[in-house]
Amino acid sequence: GHAMSVQLLLRVQHLTGDDDYHGRAEKALRIYHDAMTEQPFGFAHLLCALDFYLTKPKEIFVIGDRQAADTRQLLGAIQRRYLPNLTLQLAEPGAAPRNISPLLEGKAQIDGKPTVYVCHNYTCSAPVTNCTELERLLEN
């Protein structure tokens, strides 16, 4: 339970930008530092949370109609990959991105097509609108 709460604190912080969640997760990780060092097999899930904390997740933003075939195709390309520290957000076209997450601010569809932004540590690549370009970005 403790490990899950740490992971959730880190994910919520990452999605909202609220550093209070980050501080709470960091404090919890510090409390278990010695135990994780001495008995790593007993803290596998907490070590996953530590990995999320240390490496920062890959952020993927999809802007498109969730029912549309081309949007589902892009989401499928993302979901077929093993991306353990992924945060994925889907916004409907015309939605106010800032109301969904501050990380979505300034991101929009290109030419009315479902558009994907692949980011790491809040730095984004150029947006893509097809699976071939998306898969290339996900390989990095």
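## Two nonpolar cores

A nonpolar core here is a set of buried Ala, Val, Leu, Ile, Met, Phe, Trp, Tyr and Cys residues joined through side-chain atoms within 4.5 Å. Buried means under 20% relative accessible area, exposed means over 50%, and partly exposed lies in between (1.4 Å probe, protein chains only). The model is a predicted one, in which local features need pLDDT of at least 70 and side-chain atom pairs count only at pLDDT 80 or more, while totals for chains, interfaces and linings use all residues. Residues are numbered from 1 along each chain as its sequence is written, and side-chain values use heavy atoms, with hydrogens and water left out.

With that in hand, let's look inside. The largest nonpolar core has 14 residues, and I60, V62, I78, V116, V118, L134 and L138 have the most contacts within it. At least two residues of this core come from each of strand 1 (58-63), helix 5 (69-79), strand 3 (115-120) and helix 7 (131-139). Helices (H or I, at least four residues) and strands (E, at least two) are DSSP runs, numbered from the N terminus. Helix 5 gives the most to this core, namely four residues. A second, separate core has eleven residues, including A25, A28, L29 and M36.

Not counting residues up to four places away in sequence, V118 touches K58, E59, I60, T123, C124, S125, L134, L137 and L138, where contact means heavy atoms within 4.5 Å.

Four strands form an open sheet in the order 2-1-3-4, with mixed pairing; two strands pair if DSSP finds at least two bridges between them. Strand 2 (86-91) and strand 4 (123-124) stand at the edges with a single partner strand each, so one side of each has no neighbour in the sheet.

Strand 1 and strand 3 run antiparallel and are joined by six bridges; F61 has Y117 in strand 3 as its bridge partner. Strand 1 and strand 2 also have six bridges, but pair in the parallel sense, and here E59 has T87 in strand 2 as its bridge partner. The chain gets from strand 1 to strand 2 through helix 5, in a right-handed β-α-β crossover. Right-handed means that, with the strands pointing away from the viewer, the path from the first strand over the helix to the second runs clockwise.

Axes are lines fitted to C-alpha atoms, for helices over the stretch in contact, and angles run from 0 to 180 degrees between N-to-C directions. Helix 7 also packs on the sheet, touching strand 1 and strand 3, at about 10 degrees to the direction of strand 3.

Which residues of helix 5 are buried? They are T71, L74, L75, G76, A77 and I78. Their cover includes strand 1, strand 2, strand 3 and helix 7.

## Cysteines

The structure holds one disulfide, defined as a pair of cysteine sulfur atoms within 2.5 Å. C119 and C124 form this link, with their sulfur atoms 1.9 Å apart, and it is right-handed, with 95 degrees about the S-S bond. C119 is buried at 2% relative accessibility, whereas C124 is partly exposed at 32%.

C131 is in no disulfide, and the nearest cysteine sulfur, that of C119, is 18 Å away. C131 counts as buried at 16% relative accessibility, while C48 is partly exposed at 42%.
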